[in-house]
Amino acid sequence: MKNKTSKLYKSERRNAYMFVALPILGYLVFILAPTIYSVYGSFTSWNGLGQMDFIGLQNYVFLLTDESFHKALYNTVFMMLGIPLGLILALLLALGLNRAIFGTQVFRVLYYVPVISSIAAISILWQWAYNGDYGLVNQFLAIFGIDGPSWLMNKHTVKPALILMTVWKGLGYSMLLYLAALQSVPKTYYEAAKLDGANGFQMFKNITLPMVKPVTFFIVVTSIIGGAQIFTEINVMTPTGGPEYSSATVVFYIWQKAFGNFEMGYGSAMAVVLGIGIFLVTYIQFKVNEKSSYELD
């Protein structure tokens, strides 16, 4: 019996190692190895095909004076202004769809459809909607006598237009997370608050918001990470980076330099800086969240 148990244990352990080995191997081959190679490449002058010539910190020094990189970084941060807007709208939608009203399930599906749709297809759709001559947005504004601009061809309107599109794209995802969080809040909390004379706003402030805080933290962290890497929407809707480079993001600029101009070493340097920036921002968010966290009795 002891021998059989030992064989069974060894078999289960071997199977467990096999299950664990595949994701670890994928991480080593497709994430860790390319990351190390990219970091090394950032210290070289390399076109992606020929020899890698070591140049030290020259790529990073050039970043300090590269106006295009600074503009792309500013555009990336500016377009993250849509994150708080998306949070507010998603929470309001979740509050509305959490009520026992006829048709709420249909609206939940409709709001989630953009999330599972192709980013490229949605970008093409919005590019048509923003067209200055026959776009749906300007046709709608014309009903009220407003002459809409050429949204994607104007440096003052291209970033707000992209923000609106990205908020619409991710609204269903954030709404669904908030909805799940709201449905997990015990109803006894609200019943006790009503007995104490609390009104709707007080219950929202002191019960709803604290209870959905973990979801808010998750959405903020993932939205900032995703927003720092926005590329497809920019490449499809404004393939040249917009008027006066007003819509180009950091990842778009990296792609343009690395694969358009074959400056792979410089592109790797920008990728390393972007990765470090994302890590630092995420680390700060976790530290701030730890200080403001609380435990329920």
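Gly277 lies in helix α14, which covers residues 264–292; helices here are DSSP runs of H or I with at least four residues, strands are runs of E with at least two, and both are numbered from the N terminus. Between the C-alpha atoms of Gly277 and Asp133, which are 144 residues apart along the chain, the separation is 40 Å.

The model is predicted: local features need pLDDT of at least 70, side-chain atom pairs count only at pLDDT 80 or more, and totals for chains, interfaces and linings use all residues. Residues are numbered from 1 along each chain as its sequence is written, and side-chain values use heavy atoms, with hydrogens and water left out.

Ala181 belongs to helix α8, residues 158–183. This alanine, Ala181, is buried, with a relative accessible area of 7%. Apart from neighbours within four places in sequence, Ala181 makes contact with Val212 and Val215, where contact means heavy atoms within 4.5 Å. A distance of 9.1 Å separates the C-alpha atoms of Ala181 and Lys213, which are 32 residues apart along the chain.

Helix α2 spans residues 58–65, and its buried residues are Asn59, Tyr60 and Leu63. Seen down the axis of α2, these buried residues fall within an arc of 100°, so they line one face of the helix; the arc is that of the directions from the helix axis to the C-beta atoms. An α-helix has 3.6 residues a turn, so residues three or four places apart point the same way. On the other side of α2, the exposed residues are Gln58, Val61, Leu64 and Thr65.

The chain as a whole contains 14 helices and two strands. Its radius of gyration is 25 Å, well over the 19 Å that the globule rule gives for 297 residues, so the chain is more spread out than a compact globule. That radius is taken over C-alpha atoms, and the rule is 2.2 Å times the number of residues to the power 0.38. Along its principal axes, the C-alpha trace spans about 85 × 75 × 35 Å. Of the 297 residues, 33% count as buried. Among contacts with a separation of 6 or more, 65% are accounted for by residues 24 or more positions apart.

Methods: Buried < 20%, exposed > 50% of the residue type's maximum accessible area, 1.4 Å probe, protein only.
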